[in-house]
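Subject: Structure handover

Hello,

The structure is below, followed by notes on what was found in it. Please read the notes with the coordinates open.

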Amino acid sequence: MANFDGKLVIVTGAGSGIGRAAARRFAARGARLIVGDINTDAANSTVDLIAAAGGQAHAYAVDVADRAAMESFADEVDGAHGAPHVLVNNAGFTTAGPFLNHTAEDWKQIMGVNFWGVYHGSRLFGRRMIESGRGGRILNVTSPAAITPIPLSTPYCTSKAAAQMLTECLRLEFAGTEVGVTAVLPAFIDTGFYPSARLVGDNREMLERGKNISVLAAKVIARSPETVGRNIVRIAARNPAIAPTPIEARVVYLASRLSPAGARLASRFMDPGTMIELATRFAPDIAVRAVDGLAERILAGSKSA
């Protein structure tokens with residue numbers, strides 16, 4: 001599917017970050033966009049950006065974790081625009097904190113968005129793609145966290161692992177239907193995902209500092225959402241089974257496959273407690289406080305943007 005002219009493309013979580021970047025890229029390639037997001041204003045903002053560039057897009061407010069809402073969304077889109085040619089299940093959510101501090105409701109929320117949202121989108125629109133007889137592409141945005149453990153992110157890693165396996169199984173089941181299914185694993189992307197993470201737990205210093213480290217790392221070494229958005233369009237055209245992106249994500253993916261034990265060992269050094277201990281031992285307090293202050297200014301800027 002190298003040509004997207006006039007093709008209908010649905011992107012969830014398209015009100016910001018990777019979803020918005022992908023939607024704009026597809027529109028620039030001539031696609032008609034369905035912009036889905038739980039935030040109505042954010043979805044409308046993405047549509048305005050696409051329209052200002054001469055593209056076509058329609059905004060829909062939808063909670064991907066809500067089965068009834070997703071069924072209504074699928075019916076409305078089908079009635080007004082027909083079956084999609086491309087679906088990008090991108091909506092995501094995360095928390096940060098110890099496993100024992102997460103409640104059943106915390107798990108329900110994160111699984112609802114990161115797994116059930118992917119399930120609902122794949123089931124509802126995948127069926128319509130197959131029934132249309134013209135095939136299509138389903139791209140499920142998972143994460144290297146699906147295959148590599150991350151400290152204080154057990155619910156997130158679990159939800160992404162579930163979405164990853166769902167995607168790989170669907171590719172097998174949909175083989176022969178002309179509907180390709182791909183797992184997209186983005187890493188090191190500056191999307192505002194880390195600043196919006198909800199902290200869970202009692203050790204606020206550890207959690208806040210861990211979040212600060214993630215925010216600074218995103219600003220210093222991460223790629224822009226536009227990089228992944230561009231790559232998602234390319235991935236949709238090529239239809240691979242698994243697509244870590246950008247190159248850094250491929251390195252993480254290959255490393256975790258070649259040496260799972262090594263990946264687990266590396267993950268231990270990502271633990272905020274370990275990082276705080278090392279910072280306290282080797283860096284003067286004034287430097288640690290300066291890092292915290294810089295992260296807080298970045299967070300304040302992202303909230304006012």
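Helix 4 (residues 104-132) packs against helix 5 at an angle of about 15°, and their axes are 9 Å apart. Angles under 35 degrees count as roughly parallel, and helix 4 and helix 5 are therefore roughly parallel to each other. Their crossing is right-handed. On the helix 4 side, the residues in the contact are Trp 107, Ile 110, Met 111, Asn 114, Phe 115, Val 118, Tyr 119 and Ser 122. They meet Thr 154, Pro 155, Tyr 156, Thr 158, Ser 159, Lys 160, Ala 162, Ala 163, Leu 166 and Leu 170 of helix 5. Sorted by class, this contact has 12 nonpolar, 5 polar and 1 charged residues. Please keep in mind throughout that this is a predicted model.

Helix 4 has a contact with helix 3 (residues 67-81) as well: the two axes come within 10 Å and cross at roughly 30°. Helix 3 and helix 4 are therefore roughly parallel to each other, and helix 3 passes helix 4 in a right-handed crossing. Helix 3 contributes Arg 67, Met 70, Glu 71, Phe 73, Ala 74, Asp 75, Val 77 and Asp 78, while helix 4 contributes Gly 117, His 120, Gly 121, Arg 123, Leu 124, Phe 125 and Arg 128. By class, the residues of the contact of helix 3 with helix 4 divide into 6 nonpolar, 3 polar and 6 charged.

The next pair is helix 1 (residues 17-28) and helix 7 (residues 225-238), whose axes come within 7 Å and cross at roughly 55°. Helix 1 and helix 7 are therefore oblique to each other. This crossing, too, is right-handed. From helix 1, Gly 17, Ile 18, Ala 21, Ala 22, Arg 25 and Phe 26 take part. Their partners in helix 7 are Pro 225, Glu 226, Val 228, Gly 229, Arg 230, Ile 232, Val 233 and Ala 236. The residues in the contact of helix 1 with helix 7 comprise 9 nonpolar, 2 polar and 3 charged.

Some single residues follow.

Ser 143 sits in the loop between strand 6 (136-141) and helix 5. Its relative accessible area is 6%, so Ser 143 is buried. The side chain of Ser 143 reaches the backbone nitrogen of Ala 145 at 2.9 Å. Apart from neighbours within four places in sequence, Ser 143 is in contact with Tyr 156, Lys 160, Val 184, Leu 185 and Pro 186.

Ala 161 is found in helix 5 (residues 154-173). With a relative accessible area of 30%, Ala 161 is partly exposed. Ala 161 and Pro 149 are 12 residues apart in sequence, and their C-alpha atoms are 9.9 Å apart in space.

Tyr 253 belongs to helix 8 (residues 247-258). Tyr 253 is buried because its relative accessible area is 14%, and buried means under 20%. Not counting residues up to four places away in sequence, Tyr 253 touches Ile 147, Leu 185, Ile 242 and Pro 244. Leu 185 is in contact with Ser 143 too.

Regards

How values were computed:
Residues are numbered from 1 along each chain as its sequence is written. This is a predicted model: local features need pLDDT of at least 70, side-chain atom pairs count only at pLDDT 80 or more; totals for chains, interfaces and linings use all residues. Side-chain values use heavy atoms; hydrogens and water are left out. Helices (H or I, at least four residues) and strands (E, at least two) are DSSP runs, numbered from the N terminus. Buried means under 20% relative accessible area, exposed over 50%, partly exposed in between (1.4 Å probe, protein chains only). Axes are lines fitted to C-alpha atoms, for helices over the stretch in contact, and angles run from 0 to 180 degrees between N-to-C directions. Angles under 35 degrees count as roughly parallel, over 145 as roughly antiparallel, 65 to 115 as roughly perpendicular and the rest as oblique. A crossing is left-handed if the near helix is turned anticlockwise from the far one by less than a right angle, and right-handed if clockwise. Contact means heavy atoms within 4.5 Å. Ala, Val, Leu, Ile, Met, Phe, Trp, Tyr, Cys and Pro count as nonpolar, Asp, Glu, Lys and Arg as charged, and the others, Gly among them, as polar. A polar contact is a pair of N or O atoms within 3.5 Å; within protein, one must be able to donate a hydrogen and the other to accept it, and residues adjacent in sequence count only if both atoms are side-chain atoms.
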